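Trainee: Please take a close look at the charged side chains in this structure. I would like one connected account of how they pair and where they sit.

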Amino acid sequence: MNFTIHVHDSLDNLSAEWPTGSPAPVANPHYHVFQSRTFLEVWWSTFGQVGDIRACFIEVRDEANNPLIFIPLCITTRKGAKILGFIDADAADYNAPILFPRSPDWTYDTAVDLWEKITAALPDFDVIMLDKMPARIGGLVNPLDLLADGPNDVFCHGNNLQRPWEEIDKAQPYRKTLLKKMRGLERLAPTQYIIATDKSEQAIIVDQLLKQKQRRFEDTQVPGFDAEPEKYAFFHDGTEQFAKAGMLHLTALKVGDEIVATLWGLVQAKTYYAIMIGFEGDDWAKYSVGRIIYYRTLEWLHKNGFEYMDLGIGNEPWKLEHCDTTVPLSKMTSIISWKGRMFMRRLQMMEHLRSTGAWQKLRPLKWTVLRTLRQWRKKD
């Protein structure tokens with residue numbers, strides 16, 4: 001097939017057909033919210049400023065200059081090796097191209113041809129690491145999935161909202177217990193389900209969300225915003241940008257004057273993506289306030305005509321319990337040079353080390369010590 005391939009190293013050079021994430025994108029593309037221009041702008045101003053990263057925004061067109069497929073890639077230098085992958089850094093649940101209605105009926109052979117021409121147009125790299133790839137995007141075949149060499153470690157999960165509410169409601173686990181807890185909250189104080197609609201309200205709720213999430217990181221002894229400030233900036237600074245683009249869906253569960261649970265999500269057309277949830281512990285834990293805000297959001301989305309609630313990647317038990325749809329994902333890894341081979345060997349050694357019992361015991365202690373040292377430095 002005859003493709004014209006353009007590689008851009010800046011968001012400023014992207015064509016008008018690259019979707020922003022707004023309700024009326026040009027050229028009717030099929031994509032996930034994580035590949036929208038707005039998402040990429042927020043990502044690049046936060047995650048993209050950490051480390052040695054070179055953007056490679058791919059635009060593939062046919063002979064008549066019609067867009068066929070766009071792919072947000074980057075080359076990241078790690079341990080002396082250059083890794084070609086999606087723009088992600090664990091911020092995206094789906095890594096995928098943007099497909100257009102004129103895209104051909106992809107086969108393995110045409111996907112190989114496409115990928116060979118794309119990689120030939122890119123700067124040098126040592127390893128290809130593509131992961132979290134869905135098989136289809138908006139009903140269209142994902143050509144990169146055809147090149148996969150295995151399944152991704154975990155999948156995405158969600159709920160089909162095109163069913164009657166009675167059917168969805170009935171399928172919710174522990175529904176009666178949850179409704180009982182909701183009535184219990186009402187007896188404590190007036191309970192409100194709030195959707196942030198203005199800048200000041202959004203700022204208050206996102207600040208509370210980030211505090212709740214950081215406490216959760218510390219309680220579970222895993223790296224948090226103190227170790228990854230770019231993740232904090234993505235949500236804190238990105239909230240306003242996503243709101244301006246009409247993509248933000250930020251909610252809070254308020255009991256009396258206290259915000260006890262928060263949920264930060266993005267919307268694209270009739271699909272909702274739940275990205276981060278926060279909730280209070282201690283005395284609020286017995287009310288399952290995190291599950292309540294999820295339930296109230298599910299109910300609101302259904303009433304307002306959404307077709308799918310995506311709870312994102314991860315095989316956590318609560319997702320498996322609450323979702324009726326699983327989206328398998330794939331990955332593809334290819335070593336190009338000796339530097340790439342050395343990098344993959346180190347990566348495999350580290351993965352083996354992290355799986356050992358000794359590492360699992362020491363890892364929580366590591367983050368406890370590091371947090372203590374950071375607090376001492378702040379005091380000094």
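Mentor: What follows goes through the salt bridges, then a charged patch, then the confidence of the model.

This is a predicted model. Its chain has a mean pLDDT of 92. Of its residues, 93% reach 70 or more.

Start with the pairing itself. Side chains of opposite charge can pair when their charged atoms come close. Searching the whole structure gives 18 salt bridges.

Take E59 and R61. They form a salt bridge, with the closest N and O atoms 3.5 Å apart. Buried or exposed, what is E59? E59 has a relative accessible area of 2%, so it is buried. R61 is at 6% relative accessibility, so it counts as buried too. This pair also belongs to something wider. E17 joins E59 and R61 in a network of salt bridges.

Now go to R175 and D169. Their side chains meet in a salt bridge, at 2.9 Å from N to O. R175 counts as partly exposed, because its relative accessibility is 29% and the cut-off for buried is under 20%. D169 is at 9%, so it counts as buried.

E321 lies in helix α8 (residues 317–322), while R291 lies in helix α7 (residues 289–303). The pair therefore ties together parts that are 30 residues apart in sequence. How accessible are these two side chains? E321 is partly exposed, at 34% relative accessibility. R291 is partly exposed as well, with a relative accessible area of 30%.

E218, D219, D282 and D283 form a negative surface patch. Patch members have no salt bridge. One of them, E218, lies in helix α5 (residues 199–219). E218 is at 37% relative accessibility, so it counts as partly exposed.

Last, check where the model can be read closely. Strand β6 (residues 127–134) has the highest mean pLDDT among the elements of the chain, at 98. Helix α10 (residues 357–379) has the lowest, at 64. Where pLDDT is low, the predicted coordinates should not be read in detail.

Terms used
Residues numbered from 1 in each chain as written. Predicted model: local features only at pLDDT ≥ 70, side-chain atom pairs only at ≥ 80, totals over all residues. Heavy atoms only, no water. Salt bridge = Lys/Arg side-chain N within 4 Å of Asp/Glu carboxyl O. Buried < 20%, exposed > 50% of the residue type's maximum accessible area, 1.4 Å probe, protein only. Helix = DSSP H or I, 4+ residues; strand = E, 2+ residues; numbered from the N terminus. Patch = residues over 30% accessible without salt bridge, like charges linked within 9 Å, V, L, I, M, F, W, Y side chains within 5 Å. Areas by Shrake-Rupley, 256 points an atom, 1.4 Å probe, with all protein chains shown as cover. Lys, Arg positive; Asp, Glu negative; His and termini not counted. Charge placed at Lys NZ, Arg CZ, Asp CG, Glu CD. pLDDT = per-residue confidence, 0-100.
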